[in-house]
Amino acid sequence: MEKLSTAAVLAAYQSGRRNFTGLDLRGVDLFEQDLRGSDFSQAQIKKAYLTYINLSNSVLFQAQLQGSELSVATMYSLDAREGCFDRAVLIRANLSNSKLT
C-alpha cells in the first residue's frame, strides 16, 4: 500500500489527480482543504485531521477513517458505503444526500 504525506496528497490533487484509491493516508492533516470529487475508496485514512475539509461528490467506499477528526466537514453526496468511521468525530459535519450503508 503506497503511503502519501499531506504535501503529496495536496500536490497530486492540485496537478489534477482525483484517484487516491487504496492509499495509506494515515495521520494526514488536510484541515480546510477542498478535495471535491476525489476517490478514496479502500484508503487507510485513520487518525487524520480533516476538520473543515470539503469532500463533496467524493467516494470513500470501504475507506478506513477510524479515529479521524471530521468536524464541520462538508461532504454532500458522499459515497461512503461500507466505510469505517469508528471513533471518528463528525460534529457538525454535513452529510446531506450521502450514502453511508
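Colleague: Why is Phe20 called buried?

Modeller: Its relative accessible area is 0%, and buried means under 20%, with exposed over 50% and partly exposed in between (1.4 Å probe, protein chains only). Phe20 is therefore buried. Phe40, at 3%, is buried as well. The model is a predicted one, in which local features need pLDDT of at least 70 and side-chain atom pairs count only at pLDDT 80 or more, while totals for chains, interfaces and linings use all residues. Residues are numbered from 1 along each chain as its sequence is written, and side-chain values use heavy atoms, leaving out hydrogens and water.

Colleague: How many aromatic pairs does the structure hold, and what makes the pair of Phe20 and Phe40 stacked?

Modeller: There are three aromatic pairs. Rings of Phe, Tyr and Trp (its six-membered ring) pair if their centres lie within 6.5 Å; planes under 30 degrees apart count as stacked, over 60 as edge-to-face and the rest as tilted. The centres of Phe20 and Phe40 are 5.1 Å apart and their planes are at 15 degrees, so this pair is stacked. It links distant parts of the chain, 20 residues apart, both in the segment after α1 (6–14).

Colleague: Why is the pair of Phe31 and Tyr52 called edge-to-face?

Modeller: The ring centres lie 5.9 Å apart and the planes stand at 85 degrees, so the pair is edge-to-face. Both residues lie in the segment after α1, so the pair ties together parts that are 21 residues apart in sequence. Phe31 is partly exposed at 32%, and Tyr52 is partly exposed at 42%. Together with Tyr49, Phe31 and Tyr52 form one aromatic cluster.

Colleague: How do you know that the buried residues of α1 line one face of the helix?

Modeller: Helices (H or I, at least four residues) and strands (E, at least two) are DSSP runs, numbered from the N terminus. In α1 the buried residues are Val9, Leu10, Ala12 and Tyr13. Seen down the axis, they fall within an arc of 165 degrees, so they line one face; the arc is that of the directions from the helix axis to the C-beta atoms. Ala7 and Gln14, on the other side, are exposed.

Colleague: What makes the charged end of Arg18 sit over the ring of Tyr13?

Modeller: A charge sits over a ring if NZ of Lys or CZ of Arg is within 6 Å of the ring centre and within 35 degrees of the ring normal. The charged end of Arg18 is 3.6 Å from the centre of the Tyr13 ring and sits over that ring.
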